[in-house]
Amino acid sequence: MEAFQGKIRLTKGVISYLERGIGYSEIETNNLTYKFKDCFVYPGFVDSHGHIASLGTKLNALQLNDCLSKEDCVQKALKHQELRGNWLLGYGWNNENWFNKSFPDKKELDFYFKDIPVCFYRVDGHSIWVNSKAMEIAGINNRKCDIKGGDIIRYKDGSPTGVLIDNAIEIVTKHIPKLSKEKISKYILNAISELNKNGLTEIHDMDLNPDLINIYKELSEAEKLNIRIFSFVKAQDDEYIKYKIKPYCSDFFSIVGIKLYVDGALGSRGAALLAPYSDEPRNKGLLLLKEKELYEKIDKAIGHDLQVAVHAIGDRANRTVLKTFNKILEKHYEKHNLYFRIEHAQIIHPDDFCYLSDGRIICSVQPIHCISDSEMAIKRLGQRCKYAYLWKSLLNQNINILGGSDFPIESHNPILGIDAFVNRIENNTIKQWFSEETINISQALNAYISNPRGLGYSNIKRGKLKEGNYGDFIVLNKELKSKTEIKKIKVIATFVNGKNVFIDKSFISY
Ligand SMILES: [Zn+2]
């Protein structure tokens, strides 16, 4: 990926003229010329796994990511004013960052919040922490009930602690009032402008709630979307069939596929492993879909002309998905524009590399998960960390990898993702973690720029700076060249479809 300096002219959203120069970048639109000294132009970044509406909600919500204890979370919550209906919602607590790493319980919340329901989502979205009022509304009591693929954690006496895992989450969250349409639109647009600031011009939006489709379509028709969105709709319970969702294509909003889950997350021990967790010898995690169920769901989606993206974290989950993808490929071999995406692909057993032989199997990875999970991953996986967060090994198998962040779970800043790909330095340390899996800057840029645009549903007229291509590009303060300087890179300006959607005015030179 070559950095560009020189002149770019934009006409009707398209690059109509390019002239290389040295030491400056000049972007000429219909009515304005932007001049940047010493800056470099790159095609816009793609985040191949994010959640736009959730980012919008998070930007406006009580954020618990930085809290260092459960008490800290409660104190921050006491200062937060905005309620949804009468619910207090919070996002991002992470007991792995607390002094006392055990799961919180309802007691801390009940002390301060007796009369209003409280629901705090864990950072990975795979568990919630609620108070007694919320459980009362949801009808959760001392009576035990089996929840397939989920759990209500209980004390020895059978009473619920206030922590719910995976499929149990919905028992509470279905009672939370919905946001108004106006608020959702506002949140989505807030999220997009935040993404633009970070040089993102294209997003693969995961788990799109079918209720939001019309909002996105309206925003798109009103030309308010400043980012290109490729959506994968929620499908675990066949939501897309109930809503009769079909593929949809427009310049800024497209529905390309469905999103399935075969397991949960590593932090909450919901990831399905082949052998038990190193720190919980009887637990191998949860497989949410068996091979046969997964096969049927994928086959059905293909019948609806939809692509498929499947969440798989543990090695058992990845084996299940890979075997199924291979069977499906046998059946649909002639469909060359179908791509089979594994989302996360965090732990792949080396015996399963043999299933990674078809170029249509894509691993959509989030490098930043690696450097923030490393400490926890060692505890959960022990020796198996050798096979976790594989990048170089996947490239060696000729597997196409896509870069993403899983925002708002992690930062949506792609520069941090590129740095994690290249340096793989554990958060808050100077230690490289399994350095043999690092990849070089050019490979990292491919994962964030060209690979996602090579997929059938994306458009090849982006991802390269050349005449005739769409004006989707960014201006950076430095060239992405030195491994140790990546974090010093700043996005100075972002253009989407030839329109300037973000600019840091302090960098315009003359
Ligand atoms: Zn996600």
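How many bridges join E11 to strand E12 (residues 160-166)?

Analyst: Happy to walk you through it. This is a predicted model, in which local features need pLDDT of at least 70 and side-chain atom pairs count only at pLDDT 80 or more, while totals for chains, interfaces and linings use all residues. Residues are numbered from 1 along each chain as its sequence is written, and side-chain values use heavy atoms, with hydrogens and water left out.

E11 and E12 are joined by 4 bridges and run antiparallel. Helices (H or I, at least four residues) and strands (E, at least two) are DSSP runs numbered from the N terminus, and two strands pair if DSSP finds at least two bridges between them. Within this pair, Ile152 faces Leu164 of E12.

Stepping back, these strands belong to an open sheet of 6 strands with mixed pairing, in the order E7-E8-E9-E10-E12-E11. Strand E7 (62-63) and strand E11 (150-154) are the edges: each has a single partner strand, so one side of each has no neighbour in the sheet.

E11 also turns up at an opening in the protein. It gives 5 residues to the lining of the second largest pocket, the largest share. Helix H11 (367-381) joins E11 as an element that gives two or more residues to that lining. The volume of this pocket is about 540 Å³. Of the 27 residues that line it, Phe103, Asp151, Ile153, Ile165 and Ser268 lie nearest its centre. A pocket here is found on a 1 Å grid over the protein atoms alone, as an open set of points with protein on both sides within 12 Å along at least five of seven lines, and lining residues have an atom within 4 Å of a point; a cavity is a set of points where a 1.4 Å probe fits but cannot get out. Grid points are joined across faces, edges and corners, and volume is the space filled by probe spheres set on them.

Leaving out residues up to four places away in sequence, Ser268 touches Asp124, His126 and Ser127, where contact means heavy atoms within 4.5 Å.

Among the residues that line it are His344, Gln346, His369, Tyr389 and Trp391.

Next, the metal site. The zinc ion has His49 (NE2), His51 (NE2) and Asp406 (OD) as its protein donors, at 2.1 to 2.2 Å; donors are N, O and S atoms within 2.8 Å of the metal (3.2 Å for Na, K and Ca), and since water is not among the atoms, sites may look incomplete. Along the chain the donors are spaced H-x1-H-x354-D. His51 lies in the loop between strand E6 (45-50) and helix H1 (52-59), and Asp406 in the loop between strand E19 (400-403) and helix H13 (414-423), so the pair ties together parts 355 residues apart in sequence. His51 and Asp406 are both buried.

H13 itself is mostly covered, with 9 of its 10 residues buried. Its cover includes E6, E13, strand E18 (361-365), H11, E19 and helix H14 (441-450).

Helix H7 (residues 213-221) has a buried set too: Ile213, Ile215, Tyr216, Leu219 and Ser220. They span an arc of only 165° around the axis, which puts them on the same side of H7; the arc is taken from the directions from the helix axis to the C-beta atoms. Their packing partners are H1, helix H6 (181-197), strand E13 (200-208), strand E14 (228-234) and strand E15 (253-261). After H7 comes Glu223, with a positive phi near 55°.

Strand E21 (residues 491-496) and strand E22 (residues 499-503) run antiparallel and are joined by 4 bridges. Thr494 stands opposite Phe502 in E22. The hairpin has 2 residues between its strands, and Asn497 takes a positive phi near 50° there.

Technical notes: Buried < 20%, exposed > 50% of the residue type's maximum accessible area, 1.4 Å probe, protein only.
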